[in-house]
Amino acid sequence: MNKHARPNLKAQTIVGAVHTDRRHDSAHKHVTGEAIYIDDMPEPAGTLHGCLGLSAVAHGVIRGMDLAAVRAAPGVVDVLTGHDVPGENDISPTGRHDEPVLATDRVQFHGQPVFCVIARTREEARRACRLAKIDYDELPFVTDIGGLDPLNDRLVTPPLTLRRGDARSAIDKAPRRLAGTMRVGGQEHFYLEGHIAMAVPGEDQDVTVYSSTQHPSEVQHMVAHALGVPSHAVTVEIRRMGGGFGGKETQGNQFAALAAIAAKKLGRAVKIRPDRDDDMTATGKRHDFVIAYEVGFDDEGTILGVDYVYAARCGFSSDLSGPVTDRALFHCDNAYYYPEVHARSAPLYTNTVSNTAFRGFGGPQGMVGAERVIDEVAFATGKDPLEVRKRNFYGTKDRNVTPYHQTVEDNIVHRIVAELEESAEYSRRRRQIAAFNANSRWVKRGLALTPVKFGISFTATHFNQAGALVHVYADGSVHLNHGGTEMGQGLYVKVAQVVAEEFQIDIDQVKITATTTGKVPNTSATAASSGTDLNGMAAQNAARQIRDRLTDFAAEKYQVPVDQVVFLPNRVRVGNQEIPFPELARQAYVGRIQLSAAGFYKTPKIHWDRDKGEGHPFYYFAYGAACAEVSVDTLTGEYMVEQVDILHETGRSLNRAIDLGQVEGAFVQGMGWLTTEELWWDDKGRLRTHAPSTYKIPLASDRPKVFNVTLADWSENREATVHRSKAVGEPPFMLGMSVLHALSDAVASVADYRVCPRLDAPATPERVLMAIERLRAGNQAG
């Protein structure tokens, strides 16, 4: 649409209303290359470039650091060390003071930043970094948690315990019981745009930082602490990221702080953009877990009691490992009711990069543990895993209390699964696959249907707030700003739809502007799937304030009752006349009516007592299910995903086109985590999978051959969210579990489904083949 086109004053509906499909506001710019990311921005004259110098040992005391050759290298302007940090040499997001901007005395993982070169060009900075001579007294290190004791070894943050009833007694008294362990791998975020920060010094203490971050307010605070200045001296701005997935929630702090320190010291703009290898080596990833479980159950497959220990590789500092491992426990139930339950987290210290947020934030790892227990019970009782899943679902009126004592009040998992089971023809395909496997010697097929129940809210209650700023100009155009960040997920367009709906104006009259701490302060990260829930409500609140003022103004000016002022598409009916929205805005301006408002929202009902392990941490739950079919070559372990059927619910979707894209992308990313994406450290503590050549994200050719994705059109959030919609960023990620369990089902067929394959993740072809050989050996021995 022409941006200068006049609004249609006779339209029956506005363009871009809520509950209508809209393309991403920058979609055309993404595909043409017009979208401006930080590295595309014109650089101020004299801009310098930084590169981080990384440690060459996994654990050691720094005995000497000779940087003379670095300083003398061509183009080098300055070299920063931890001693050059004017404020506090710490960027720990939880205030535990365990994560330095630059290490000074001791390094705790291979690739930890030790110094930062500032040079005229990025290439000169990178070349100079290689000239450093650092002497270390190497110390013992640990990179793998497999041999650690989760109850006694070093933790980076206090563990959490959830309990309801007496799990030990229930397991001991159960007719049947079993125990086991499962390893679940980590995951590299692999955002298309890597980390980047550009700092531009201002007068006095001021600095403006353009940072690829999901959490501008945190970057603001971290930069201010590192500089030793108040937060009001630091402005952080971000228009868009080229992907984030949680990897830019805290990990951007280091690059922003160093760029700002150098910019203020040298009086010139400084940009830091690490290359992909350094980015993957020096920034955190999804936590990998070792999950120990013990379960008691009856002959019908009903779970009577469970005991879990979720041990996580957290890295050298706490970062967000506390809340991540907490959320893993919050989802150790997935969609299942445990009559008696005990679960404990173990956030373990390792000499690896500190792991961090990643889509799902520990929830996926928690659910994978739950689904392994379901599979174990199914194989032990000889029942179809789907039957065992349905038998153990949460109830609607009873059997509905979680391990953290929150009552599940919105349970629709039964309907979701029943509809998908029918539409995906699960029973028919189960019979067909059994017949196929009986007649196919080397290629085996597998089928699995897995549910998802995911809690929505930050578990730290105070993060569940948001602000927004809305201006209506005298010509009727609208300026929108809020604390949420755009990383490709479509948040900006959804919130713009909400504002357009309130004023009943076409969406092209709403200007979406870059997120900046100078307009909306003290914002929460765009994370926990809460971006639209929080910022949409804040923007709605701001728009309603202005709309109410316009209503009161029109009623007084035209001497009509307030209820006779009605906002229609691009116009306002006042009594018996209709006034174009731009004209009413002009009249209100002349009438000295305030046409700007700051909106605010805080999520109601939620509370959490971590010490007791009890509360109501989630405002609501989002539900979905996926049915996956795979074929496996039992001679090589290679496999194909033949078909995936998904039914997911997003409440009353604000924008189904955006939500469908989120479900499809989340599924593929979740499938990648559980199949091909493997992180590997060598015996020197070096991450060797630090580039696309060695770290394998899914390709377009890895997508399911048949991929059917449906949104439940009957769903509506029972809670008063923005237009009764539901979050969509994280919940569908866990739909990828269906592929892992379909692979497990195919592997199990080589031993006639008598033994649980205990297939760990990622289920690479090598791991699948080893599981097949293990089952075949056991079958022959039996």
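User: Why is H97 called exposed?

Analyst: In this predicted model, H97 has a relative accessibility of 53%. Exposed means over 50%. So H97 counts as exposed. The residue lies in the loop between β3 (76-81) and β4 (106-107).

User: What makes the phi of H97 worth a remark?

Analyst: Phi at H97 is positive, about 55°, although H97 is not a glycine. Most residues other than glycine have a negative phi.

User: Where is N570, which has a positive phi although it is not a glycine?

Analyst: N570 sits in the loop between β21 (565-568) and β22 (571-574). Its phi is about 65°.

User: Is N570 buried or exposed, and how do you know?

Analyst: The relative accessibility of N570 is 2%. Buried means under 20%. N570 therefore counts as buried.

User: What makes the bond between A761 and P762 a cis peptide bond?

Analyst: Omega there is about 5°, and the bond joining A761 and P762 is cis. Most peptide bonds are trans. P762 belongs to the loop between α17 (737-748) and α18 (765-781).

User: How do you know that C116 is in no disulfide?

Analyst: The nearest cysteine sulfur to that of C116 belongs to C129, 7.1 Å away. A disulfide needs two cysteine sulfur atoms within 2.5 Å. So C116 is in no disulfide.

User: And what about C129?

Analyst: For C129 the nearest cysteine sulfur is that of C51, at 3.6 Å. The cut-off is 2.5 Å, so C129 is in no disulfide. The structure as a whole holds zero disulfides.

User: Why are C116 and C129 called buried?

Analyst: C116 has a relative accessible area of 0%. C129 has a relative accessibility of 13%. The limit for buried is under 20%, so C116 is buried and C129 counts as buried.

User: Why is α14 described as roughly perpendicular to α15?

Analyst: Helix α14 (residues 531-557) and helix α15 (residues 581-590) pack at an angle of about 80°. Angles of 65 to 115 degrees count as roughly perpendicular. Therefore α14 is roughly perpendicular to α15. Their axes are 10 Å apart.

User: Which residues make the contact of α14 with α15?

Analyst: From α14 come L550, F553, A554 and K557. From α15 come F581, L584, Q587 and A588. By class, this contact has six nonpolar, one polar and one charged residues.

User: What makes Y308 stand out in the largest nonpolar core?

Analyst: That core has 159 residues. Y308, Y338 and F503 touch the most other members. Helix α14 gives the most to this core, with 11 residues. Leaving out residues up to four places away in sequence, Y308 touches Y293, C332, Y338 and V373, among others.

User: How many residues are in the second, separate core?

Analyst: There are 34 residues in the second core, including L52, V101, A226 and A259.

User: Why is F289 called buried?

Analyst: F289 has a relative accessibility of 1%. The limit is under 20%, so F289 counts as buried. F289 is placed in strand β13 (residues 289-297).

User: What does F289 contact beyond four places in sequence?

Analyst: Its contacts include I145, M182, V184, Y310, T325 and Q365.

User: How far is the C-alpha atom of F289 from that of G146?

Analyst: The two C-alpha atoms are separated by 9.0 Å, while the residues are 143 apart along the chain.

How values were computed:
Residues are numbered from 1 along each chain as its sequence is written. This is a predicted model: local features need pLDDT of at least 70, side-chain atom pairs count only at pLDDT 80 or more; totals for chains, interfaces and linings use all residues. Side-chain values use heavy atoms; hydrogens and water are left out. Buried means under 20% relative accessible area, exposed over 50%, partly exposed in between (1.4 Å probe, protein chains only). Axes are lines fitted to C-alpha atoms, for helices over the stretch in contact, and angles run from 0 to 180 degrees between N-to-C directions. Helices (H or I, at least four residues) and strands (E, at least two) are DSSP runs, numbered from the N terminus. Angles under 35 degrees count as roughly parallel, over 145 as roughly antiparallel, 65 to 115 as roughly perpendicular and the rest as oblique. Contact means heavy atoms within 4.5 Å. Ala, Val, Leu, Ile, Met, Phe, Trp, Tyr, Cys and Pro count as nonpolar, Asp, Glu, Lys and Arg as charged, and the others, Gly among them, as polar. A nonpolar core is a set of buried Ala, Val, Leu, Ile, Met, Phe, Trp, Tyr and Cys residues joined through side-chain atoms within 4.5 Å.
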